[in-house]
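Here's a quick tour of this protein with its ligand. Have the structure open and follow along.

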Amino acid sequence: MELSTASDVLTVHGGTALSGEVRVRGAKNLVPKAMVAALLGHGTSVLHNVPQISDVRIVTGLLEAHGVSVTRGAPGADGEPSDTLILDPASVEQASDTAVEAHAGTSRIPVLFCGPLLHRLGRAFIPDLGGCKIGDRPIDFHLDALRAFGAVVEKRPEGLLISAPERLRGTQIRLPYPSVGATEQVLLTAVLAEGVTELSNAATEPEIVDLIAVLQKMGAIISVHNGRVIRIIGVDQLGGFTHRAIPDRLETASWACAALATGGDIRVIGAAQGEMMTFLNVFRRIGGDFEVDDTPGEPSIRFWHSGGQMRALALETDVYPGLSTDWQQPLVVALTQAHGLSIIHETVYEQRLGFTDALNRMGAQIQLYRECLGGSACRFGQRNFMHSAVISGPTKLHGAELTIPDLRAGFSYLIAALAAQGTSTVHGISLIRRGYEDFEAKLSALGADVELGLGA
Ligand code: EPU
């Protein structure tokens, strides 16, 4: 096990039902991309509802390296930091390769800088990517799309050098799979390309629709058609935008599962029903209760468990409007408390169930399979990937020493540790900071008994 610093370890004393209110802000999987979009504009952009998470800090650093000024709005009267970012791309310039390399291995977002940088500077240097290790995570769809626009891609040991010898041209692209990132790559590139781009087999996650809204505000012409087709008519110039990011539906589901697994009651302020419907159906079928409050300006969803038996279920993750792969891990923890056999079929990432080993060490009974269980055959079916799980419940969980493998699994370990009897030591919590704003304070406010470091 890797040694971790005190600030990277959380000691969790389990067994408390979490109760109270937390606030979610803008979606982690939209905000950094809207920030990249600001690079395409000739005016200043203003983005509201920005969480303080490390993915935002990484993209801020990369934008600044390219001459974009990124500032936070003034703090509120109560001294609370502002959740508004002001992005001014007036002085965009080529970043030094060293400044870009400093961000190698930190996030998947840098690859989305390609289109905007090619349009503005004719050249993009992209460091080796990071992000969660939940599968191979290739970027072949991105690079094929960029080539189709006329870009030249050169692979170098320290990263990718991409150039546009002339203005990029609109094109026809069919993605082999509805990839979120590759769809965003095409959008961010096509908006300023010459002529029309037609993208088929596109992803249509709510965060993509919100990115389209941002681009439309900037002056782009984008239409979404039946059957996963997106058409973009390139324009010569874009302006800035003012936008409020959609709420983080993935963080919301994490808090919902924390309420369910600990027998608690959590109101998630800022959460909206629209993007959560598939999750809410599953939550109800397992035995969770929820109540939606649509108050304008301050929507919320309250999640609780009224104490009856939780029910086992067969679930399959899929691209939107299917069940998000990022909802899978917290649901798995909740399902360890359900009566009977639950089946999970993970069809988006080939290796996103490895985190269940640690849950088994805590007392769960989860068995992994290579076969496609409980649903249709997926891309991983005839290959050597443990991508289905059978969970036998309910099982009592006990505390353990845990090392976080990735963002969503990391938060799920916290849920498991909170639902368990005894003390858990969770290493690597900085990974959770990538996507969950101020989660230690939120946990404490909900009554969780947690402390930074190895505990007394
Ligand atoms: N894929 C390829 N080639 C590519 C691109 C993708 O084979 O060029 C494959 C991937 O390996 C994967 C599948 O396509 O099997 C889907 O990947 P996708 O491109 O949709 O994922 P992503 O854009 O890299 C985003 C989110 C993920 C989320 C997925 C799916 C961001 C920064 N990340 O990743 O979020 O799981 O879409 O919805 O938006 C998270 O929030 O914890 C997280 C991992």
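In this predicted model, the side chain of D326 puts an N or O atom 2.9 Å from an oxygen atom of the ligand.

| Residue | Part of the residue | Distance to a ligand oxygen |
|---|---|---|
| D326 | side-chain N or O | 2.9 Å |

How much of the ligand does the protein cover? On its own the ligand has 820 Å² of accessible area, and the protein covers 92% of that. The ligand takes up the space of the largest pocket.

The ligand is surrounded by 24 residues, and K33, D140, S179, V180 and V348 are the closest. Sorted by class, that shell holds 10 nonpolar, 9 charged and 5 polar residues. Which helices give two or more residues to it? They are helix 5 (140-148), helix 6 (180-190), helix 10 (325-335) and helix 12 (407-419). Helix 5 gives the largest share, with 3 residues.

Helix 10 also turns up in an aromatic pair. The structure holds 7 such pairs. In one of them, F279 and W327 are tilted, with 5.5 Å from centre to centre and 55° between the planes. This pair ties together distant parts of the chain: F279 belongs to helix 9 (residues 277-286) and W327 to helix 10, and 48 residues separate the two.

Most peptide bonds are trans, and most residues other than glycine have a negative phi. P321 is in the loop between strand 18 (314-316) and helix 10. Another cis bond joins G393 and P394, and its omega is about 0°. P394 sits in the loop that runs between strand 21 (388-393) and strand 22 (401-403).

Then there's N49, which isn't a glycine but has a positive phi of about 70°. You'll find N49 in the loop between strand 3 (45-48) and helix 2 (54-65).

Definitions and conventions:
Residues numbered from 1 in each chain as written. Predicted model: local features only at pLDDT ≥ 70, side-chain atom pairs only at ≥ 80, totals over all residues. Heavy atoms only, no water. Near = heavy atom within 4 Å. Polar contact = N/O pair within 3.5 Å; in protein donor to acceptor, adjacent residues only side chain to side chain. Areas by Shrake-Rupley, 256 points an atom, 1.4 Å probe, with all protein chains shown as cover. 1 Å grid on protein atoms, 1.4 Å probe; cavity = no way out; pocket = protein on both sides within 12 Å on 5 of 7 lines; lining within 4 Å. Sits in = over half its atoms within 2 Å of the grid points. Helix = DSSP H or I, 4+ residues; strand = E, 2+ residues; numbered from the N terminus. Nonpolar A, V, L, I, M, F, W, Y, C, P; charged D, E, K, R; others polar. Phe/Tyr/Trp six-rings, centres within 6.5 Å; stacked < 30°, edge-to-face > 60°.
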